[in-house]
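Welcome, and thanks for opening your viewer. Let us walk through this model together, one selection at a time.

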Amino acid sequence: MGAACGCDGDNRKAYEQTQANPDMKPERRPIKQHINTTKKVHDESVLSSDEEYESADPSSAPSSDEPKQPYKSEQRASIQHYRDYRQTQIQQEIINNESLRNESLQLLSDNNQGLIKFMKKMIASDVSVNKIWNKIDSSGTGKIGTKKLAKFLTLPVIFYKATQHQKNKENKGTAFKPNIDISCVEHLSVWIICSYGVKTEDGSYRISIAKIDFKKKLIGWFQEYIDCDGMMDE
């Protein structure tokens, strides 16, 4: 007795035709693509899956034509929940979230403010600055706005974590697998947006950061965030 075939009518007809004529290949119906019905987030709000980080030095990050690393899928999974930080409600929810505030404070304070120390060295190199900047400002606008700020701040964190990985002798010979969740910079990002941005008519804040701001102001903003314990001025 032949095996049962769980096919629809068209596919069964094609199956029967191939049984009658084994040399004939049935025409495959196109597979329907599943559409994500959740709230759409623009493509630019997610880091490219081709962005890989093997070294703490951005200038040595591999180009897109180099062999892909096995941790790409892990990186994509760890940073996929970006939100639209231009929205008033989102800004208020994040700035009032104690858990996110503590997460950002811990990120900046850990290891005797190790991330800030790392960034001071990093921004001294124009090559490193350009490598990081161009990953977000790929079109060369010269600005990074409200929507992309959190995404941008994850990059120095990834390079810093890579440095820590390389310094740990227990990790010798193992590849660095970035598992950076954007939540660690969400409160910090929105705090910067609300503290140094411009308030709009709908009550939200918008910011536009130039490359010179990244080099000259960002570390100062990080330090102010720590000093005020991530709190907003009344």
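**The whole chain**

Start with a surface view: the accessible surface of the chain comes to about 14,400 Å², and carbon and sulfur atoms account for 47% of it. Accessible areas here come from the Shrake-Rupley method with a 1.4 Å probe, and for residues only the protein chains shown count as cover. Please keep in mind that this is a predicted model, in which local features need pLDDT of at least 70, side-chain atom pairs count only at pLDDT 80 or more, and totals for chains, interfaces and linings use all residues. Residues are numbered from 1 along each chain as its sequence is written, and side-chain values use heavy atoms, with hydrogens and water left out.

Now switch to cartoon. The chain has nine helices and four strands, where helices (H or I, at least four residues) and strands (E, at least two) are DSSP runs numbered from the N terminus. Trace the elements from the N terminus and you will read α-α-α-α-α-β-α-α-β-β-β-α-α. Of the 234 residues in the chain, 39% are buried; buried means under 20% relative accessible area, exposed over 50%, and partly exposed in between (1.4 Å probe, protein chains only). Take the contacts between residues at least 6 apart in sequence: 74% of them join residues at least 24 apart. A contact means heavy atoms within 4.5 Å.

**The nonpolar core**

Next, select Met119, Phe152, Leu153, Ile192, Phe214, Leu218 and Phe222, which touch the most other members of the largest nonpolar core, a group of 47 residues. Such a core is a set of buried Ala, Val, Leu, Ile, Met, Phe, Trp, Tyr and Cys residues joined through side-chain atoms within 4.5 Å. Which elements give two or more residues to this core? They are α3 (88-95), α4 (98-122), α5 (126-136), α6 (149-167), α7 (183-196) and α9 (218-227).

Zoom in on Ile192. Setting aside residues up to four places away in sequence, Ile192 touches Leu149, Leu153, Gly197, Ile207, Leu218, Trp221 and Phe222.

**Where α7 meets α4**

Two packed helices are described by the angle between their axes and the distance between the axes. Show α4 and α7: their axes come within 7 Å and cross at roughly 100°, which makes α4 roughly perpendicular to α7. Axes are lines fitted to C-alpha atoms, for helices over the stretch in contact, with angles running from 0 to 180 degrees between N-to-C directions. Angles under 35 degrees count as roughly parallel, over 145 as roughly antiparallel, 65 to 115 as roughly perpendicular and the rest as oblique.

For the side chains, pick Leu100, Arg101, Glu103, Ser104, Leu107 and Leu108 in α4, which meet Ser183, Cys184, Val185, Glu186, His187 and Leu188 in α7. The residues of this contact divide into six nonpolar, three polar and three charged. Here Ala, Val, Leu, Ile, Met, Phe, Trp, Tyr, Cys and Pro count as nonpolar, Asp, Glu, Lys and Arg as charged, and the others, Gly among them, as polar.

While you are here, find Glu98 in α4. Glu98 is partly exposed at 43% relative accessible area, and its C-alpha atom is 9.0 Å from that of His187, 89 residues apart along the chain.

**Where α7 meets α9**

Now bring in α9. The axes of α7 and α9 are 11 Å apart, at an angle of about 105°, so these two helices are also roughly perpendicular to each other.

**Last stops**

Move to Ser208 in strand β4 (residues 208-210). Ser208 is partly exposed, with a relative accessible area of 45%. Beyond its neighbours within four places in sequence, Ser208 contacts Lys143, Ile144, Gly145 and Asp213.

Finish with the backbone. Gln113, in helix α4, has a positive phi near 60° although the residue is not glycine. Asp229, in the segment after α9, likewise has phi near 60°, and Asp229 is partly exposed at 41% relative accessibility.
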